Amino acid sequence: MIDRLTRLLAERPYLVADGAMGTNLFLRGLQTGDAPELWNVEHPERVADVHRGFVAAGCDIILTNSFGANRHRLKLHKLEGRVRELNRAAAGLAREVADSAGRVVVVGGSIGPTGELLQPLGALGFAEARDAFAEQAAGLAEGGADVLWVETMSAANEVEAAVSGAATTGLPVVATLTFDTNGRTMMGVTPAEAVALAHRLLPRPVAFGSNCGTGPAELVASILGLAKASIAGSDVLVAKGNCGIPQYEDGKITFSGTPELMAEYARLARDAGARVIGACCGSEPRHLAAIVAALKDYSPGPPPDLATVEARLGALTQSTKGEAPVAASQEPRRQRRRRG
Ligand SMILES: [Zn+2]
């Protein structure tokens, strides 16, 4: 049987993925420091409500509330013994919403980084990381995920561990990296290197691409880089950009993106070569509705040049524009990322 994502991709020129989970949980009362994944069992209605908002906006793909639901991240909340349960619940909630949509909606089981550095830079062994991802993926598969969606990755070896762990379920896999450091990931991976990585992964991801990062302009630039190195007509590229640039206001993070900006971003991402387009941190259903409307009946044009991307979406860093070389020995920062 062909999986739902592969089938939809065969039928349609492009698909719309959803927006932020974290942002919308914060709007429903989640507090900083809470484990968002605990809400899958403590406030399932609120999580389902986020999914329903994105389905109503017209999204074809919704991602589960399980970004940090691996044993390493859950340990910070003393929840490491509940990996299977919390992931099963996450997928079950999304499945129920997808199945009552009245059209095909794909459930992607979100898998984020462990928050640890893998050997040799850190202490976490490859096999140990792979086991942790396999454990998470098993829960997501039990709950009814169609595809396992590895996202916000920075390190090539962690992508490999995640894809290999996720594949133990037999489900197809999608993998996206975050190019947030002068056009590269935090660990130095360039878009061209990410394509080479995707091509050697086993199993080969159904789709791969770029998510999160530092705003829609950089995101589209990363898609241009991915498209340049990818195989046209066979590689499926994913764009899931943040809703503008994060700003600190009254101790809170807000995002500058308007629905109009996200509509511009969506068309440029499509021109750049992305076939799966959604949003990330800061995006609400109204932004996704704008993306859905912007792509409907839109005939993609040629890939934009970087000057066009800047003019329509905002400034790019010098390194992304290729005007200044990236420092060769960038110390990788250790950072725990929360899906916003
Ligand atoms: Zn994000």
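Strand 1 (residues 15-16) and strand 10 pair in the parallel sense over two bridges, where strands are DSSP E runs of at least two residues, helices are H or I runs of at least four, both numbered from the N terminus, and two strands pair if DSSP finds at least two bridges between them. Within that pairing, Val-16 stands opposite Ile-277 in strand 10.

Before I continue, a word on the model. It is predicted, so local features need a pLDDT of at least 70 and side-chain atom pairs count only at pLDDT 80 or more, while totals for chains, interfaces and linings use all residues. Residues are numbered from 1 along each chain as its sequence is written. The average pLDDT, the predictor's confidence in each residue from 0 to 100, is 94, and 95% of the residues score at least 70.

Let me return to the sheet. Strand 10 covers residues 274-279, and five of its six residues are buried; a residue is buried if 20 or more other C-beta atoms, placed from the backbone, lie within 10 Å of its own, exposed if 12 or fewer, and partly exposed in between. Strand 10 also runs parallel to strand 7 (residues 237-241), to which five bridges join it, with Lys-240 opposite Gly-278. What is the order of the strands in the open sheet? The eight strands follow the order 1-10-7-6-5-4-3-2, with parallel pairing. Strands 1 and 2 stand at the edges, each with a single partner strand, so one side of each is left without a neighbour in the sheet. Further along, strand 3 runs parallel to strand 4 (residues 147-153) through four bridges, and Ile-111 stands opposite Val-150 in strand 4.

Is helix 6 mostly covered or mostly exposed? Helix 6 is mostly covered, with twelve of its 17 residues buried, including Val-83, Leu-86, Leu-93 and Val-97. The buried residues of helix 6 pack against helices 3, 4, 5 and 7 and against strands 2 and 3. Its 17 residues should span 24 Å at 1.5 Å a residue, and the end C-alpha atoms are 24 Å apart, which agrees; the expected span is 1.5 Å times one less than the number of residues.

Strand 8 (residues 246-249) and strand 9 (residues 252-255) run antiparallel, joined by four bridges, and Gln-247 has Thr-254 as its bridge partner. Two residues lie between these strands, and Asp-250 in the turn has a positive phi of about 50°.

Finally, the whole chain. The protein has 13 helices and ten strands, and 55% of its 340 residues count as buried. A compact globule of 340 residues would have a radius of gyration near 20 Å, and the protein has 18 Å, which agrees; the radius is taken over C-alpha atoms, and the globule rule is 2.2 Å times the number of residues to the power 0.38.

One caution concerns residues 324-336, where pLDDT stays under 50. Where pLDDT is low, the predicted coordinates should not be read in detail.

Key
Contact = placed C-beta atoms within 7 Å.
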